[in-house]
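Follow this walk through the fold with the structure open beside you. Take one element at a time.

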Amino acid sequence: MQDLLEVDIAIVGAGPVGSAAALALANISPSLKIALIDREPAFVLPPDQSDLRVFAINAGSRSLLEHLGVWTHIKDRRVCAYQRMHVWDAEGSGHVDFSATDLDVEDLGHIVEAGIIQEGLDELIVKTVNIDVLRPVEIEHLAVDETGAELRLNQGQLIRTDLLVAADGARSLLRQQAGIPIVEDDCRQQALVANVRLEKTHEKCAWQIFRPTGPLAFLPLASPDPSDDSSDHLCSIVWTLDNNVADQVMTLENQAFEDLLQKAVEARFGKVELVSDRVSFPLIQRHAKTYSQKAMVLLGDAAHNIHPLAGLGANLGFQDIWVLKQELERAHSRAIPLAHPQILARYQRQRRLDNQLALKTMGLFRGTFADHGIWLNAVRNIGFKVFNECSPVKRFIARHALMPKGGASS
């Protein structure tokens, strides 16, 4: 006989977005039962190692993490606030600068390793009595209708839930099994990620250069070693390269790679030393045509997968959580079924448009910098100059990107 677990909400995918969603939704009411399901074992980050996956956390995401009680853990481990952002065009003199001082804020954001966030979320989840964690498990059968969902796991458990939340990533199996169509844009590029030590300090600034082969970002990092006096020289790089170029760069010896990287960033930081492995992953933007179907709702990368150009991916996912929590609070307080079509439609209306705008904006940036004609280069540089000198417009856009609407609901 199968073990039966009946819950109000089942979340599939226990990464940072899925785990944060479990905590946020569990906080709606202690009477709500949550199941958090994942195919992988719990993530463990060794104390002396860094996670190559990093998030540029904006104020809205930090607010969520503070609300959940995770931010204290992050600050106690390691996090690097940045006060400036400098963006420039490798094929001209155009540049844009953002600063916390100009926006009257303490900082523009924080660079945090995904593993550090995951650790903090996991610590709180095990202490939350209305969350059941099932991992590592595989879903052998899934059935979803308007009244709820049923999941049969490979270890014999049968999960019945009123609402199923798919937070299982960009290649979401739940989304595929539900037959939810997506719009897919293969960028035919890869993002190469690594950690480096700079000869010069990063100045607590996020740097990004637009090159003909794609953007290259240097994001300031905190050191995994508290006694490391060169912490302000550590950066995470995210280098967008065409597939054929990325394959070649990944095969380079370390010294050749360091030389190429130093040249690509115009020797702005002096010598660049590789201090980690290099990894790369394909860049494919995806957007689900609908965020819900019957009693299932999509969250985070399962709904929208964006180019890492502006570091928006995790922030968009965390913003999804804010809105879903608010809508489910509405339903719970009014004794409305959690998967009621109007509740899920309200979530989609609020989030799909914002996410669509972000995806379109990244596509526009990619297209603009992919064309290297002499006239377009001139127009780009003029545009950079005008934008950089137009403080009200720059301030409005920066505030919208760094501090999106939304927040904790009481």
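This is a predicted model. Start with helix α9, residues 313-333. The helix has 21 residues. From its first C-alpha to its last it reaches 31 Å, close to the 30 Å expected at 1.5 Å a residue. After α9 comes A335. The phi of A335 is positive, near 55°.

Now turn to a sheet. Three strands form an open sheet in the order β3-β7-β4. Their pairing is antiparallel. Strands β3 (54-57) and β4 (80-82) stand at the edges. Each has a single partner strand, so one side of each is left without a neighbour in the sheet. On average, neighbouring strands of this sheet are turned by 25° against each other, direction ignored.

Look at one pairing in detail. Strand β7 covers residues 109-113. Four bridges join β3 to β7, and the two run antiparallel. In this pairing, A56 stands opposite I111 of β7. In general, strands of a sheet pair through backbone hydrogen bonds, either parallel or antiparallel.

Finish at strand β1, residues 3-12, where E6 lies. Which residues does E6 touch, leaving aside its neighbours within four places in sequence? E6 is in contact with K33 and R160.

Methods: Residues numbered from 1 in each chain as written. Predicted model: local features only at pLDDT ≥ 70, side-chain atom pairs only at ≥ 80, totals over all residues. Heavy atoms only, no water. Pairing = 2+ DSSP bridges. Axes fitted to C-alpha atoms, helices over the stretch in contact; angles between N-to-C directions. Contact = heavy atoms within 4.5 Å. Expected span 1.5 Å × (residues − 1).
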